[in-house]
Every structure is written in structure tokens, then in C-alpha cells.
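Here is a short note to read beside the model. Please keep the structure open as you go through the points.

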Amino acid sequence: MKLSLCIPMYNEASIIEKTAKELSAYMEQTFGGSDYEIIFSDDGSLDGSADLVNALSLPNVRTVGYSDNRGKGCAVRTAVLASVGDIVMFTDADLAYGTSVIKSMTDALIAAPDASMAIGSRNLSSNGYEGYTFLRKIASKAYIKVLCIAGGFSLSDSQCGCKAYRGDIARKIFARCKTDGFAFDFETILRVQKAGGKIIEVPVKVVNHRESKVNVMRDTFKMLGDLRKIKKNIKNEEP
Ligand SMILES: Nc1nc2c(ncn2[C@@H]2O[C@H](COP(=O)(O)OP(=O)(O)OP(=O)(O)O)[C@@H](O)[C@H]2O)c(=O)[nH]1
Ligand SMILES: [Mg+2]
């Protein structure tokens, strides 16, 4: 079983070496006996994030990317399409959900052979939102509700930054995805569901809080616009 771990990064120079070393050590220790690859996907960083990763020359680590900033969805898609693993997972460059989540989500997919996708959920852990301000917690939960209604699904946390898929399904789905921004998660869920795939949820907790780079007003409006486009595109596509 080979695991492909995809890390989207945009201007992460201040933390990316620490992340790369921590991930490399964790993956060697946890999956070293089998096989794994770590793909850092550079979303047009201007601060040399990719060079910093490359200079470390860590085993099974490589970078992909492009020069203009297109959004997290595009960065994840680029890494997934370059991956070769039996299971493909992505998580954030700041390791917001820690490293142990990599094994727990992989194990959950292995234990559920009929599942296409595993989604991390902050709402399944009693303290999944620990450290969030009241306002951000409410905003996050309200947005998840909007997505469930828009998508016609009932997941407890569609927006969590860590997700795992069966590799062949991930590559098939992402090849059709067009959303470059943060709403790409929603598109992959709709596409997995349209293909009749089962989705499982795995409890996760945010262990690393950093100042948000997301502009709530701008990014929320952009995401709401994207939701309409995604639904229309998928509806009009050939099966
Ligand atoms: N903000 C941002 N992040 C990007 C972009 N492209 C890739 N990323 C990566 O996407 C991941 C999530 O970014 P964050 O800025 O932490 O966004 P978030 O986790 O959804 O939001 P927060 O809850 O505010 O942390 C990180 O690994 C980023 O480096 C981009 O264009 N903008
Ligand atoms: Mg974050």
C-alpha cells in the first residue's frame, strides 16, 4: 500500500522547512516499512517556499507547482494528479490537524474497503474546535450547514482541511474538477457522491492555530459564487 501525502503551500516560507522535516520524520517512522511520497504543491509562492523544501533533499519528498497564485483547489489538484499512491491524502502546510491524523485517516479508509473518501471532522471530536474564537466557530459551523443544504448531503464537516481518497478515484475525480479556490472540497464531495461513492468521517482536532490568512468576506462570497458554478457544471456534464 502506497500513500501519497499532498501539501498545498502558498507563501509558507516561515514554517515550511519545519513542516517538511516533521512530516518526513513522521512518514519514515510510520510508513517507512511500506511506501509513501510527500508532494508539496507550490501555489505560486513569492517567498521561495518550494526552494526551501527542495534544498532539504528529504527522501520521497518532491515539489510540483506553477508560478501564478491560483488557489488552494488548484494546488491540491496539481499534487493529486501527480500522485501515484493507492491512497491519496491532503492536509495543510501548517499541520493544523497534527501528524497522527495521517495514520488515523489512512487506517479508516483501509478498514472501510467500500469507502471512496474519508473526511476529517472537527464536529465529531468533543474538543475539535478548541482554541477557535466564538465568532470563527459559529462562522465555520454556519458555512458547513450552507454547504450541506446546497449540496444535498449531511456531512458534519465538509470543509476540514484534511481528506483522504482511494488513489484511482482521487485522480479520476480531480481530473474533472475545475474549482481553483477553497470551494474545491465541495466539488470533490459532489463528484464522489455522483459516482455513487461512500464517504466516511473521521474525528479530528485542530492542534495548531495560527493567524488566519483567509479574508472572511471576500473568500466567503467567492465560495458562494463557486458553489453555484460547481452545481451547474456537474449537472450539465455527461455521466
Ligand atoms: N490562504 C491561502 N492558502 C493557500 C493558497 N493556496 C494554497 N494554500 C494552502 O492551503 C492551506 C490552507 O491555508 P490556510 O490559509 O491555513 O486556510 P484555512 O486553513 O482554510 O483557513 P484558516 O482556518 O484561517 O487557517 C495551506 O497549506 C496554504 O499554504 C491560497 O491561495 N491562499
Ligand atoms: Mg489553516
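**Notes on the fold and the ligand site**

1. Buried residues make up 41% of the 239 residues in the protein. Buried means that 20 or more other C-beta atoms, placed from the backbone, lie within 10 Å of the residue's own.

2. This is a predicted model, where local features need pLDDT of at least 70, side-chain atom pairs count only at pLDDT 80 or more, and totals for chains, interfaces and linings use all residues. Residues are numbered from 1 along each chain as its sequence is written, while chains are lettered from A and ligands numbered from 1 in the order in which they are written.

3. The protein has eight helices and seven strands. These are DSSP runs: H or I of at least four residues for helices, E of at least two for strands, numbered from the N terminus.

4. The C-alpha trace spans about 45 × 40 × 35 Å along its principal axes.

5. Which residues have the most contacts inside the largest nonpolar core? They are Leu5, Cys6, Ile38, Met89 and Met105, in a core of 57 residues. Such a core is a set of buried Ala, Val, Leu, Ile, Met, Phe, Trp, Tyr and Cys residues joined through C-beta atoms within 7 Å.

6. Take Met105. Leaving aside neighbours within four places in sequence, Met105 is in contact with Met89, Ala118, Gly120, Cys162, Ala164 and Val202. Contact means C-beta atoms, placed from the backbone, within 7 Å.

7. Now the ligand. Of the 17 residues around ligand 1, Tyr10, Asp43, Ala93, Ser212 and Lys213 come nearest. Strand 1 (2–9) and helix 3 (72–82) each supply at least two residues of this shell.

How values were computed
A residue is buried if 20 or more other C-beta atoms lie within 10 Å of its own, exposed if 12 or fewer, and partly exposed in between; C-beta atoms are placed from the backbone. Two residues are in contact if their C-beta atoms, placed from the backbone, lie within 7 Å. A residue is near a molecule or strand if its C-beta atom, placed from the backbone, lies within 6 Å of it.
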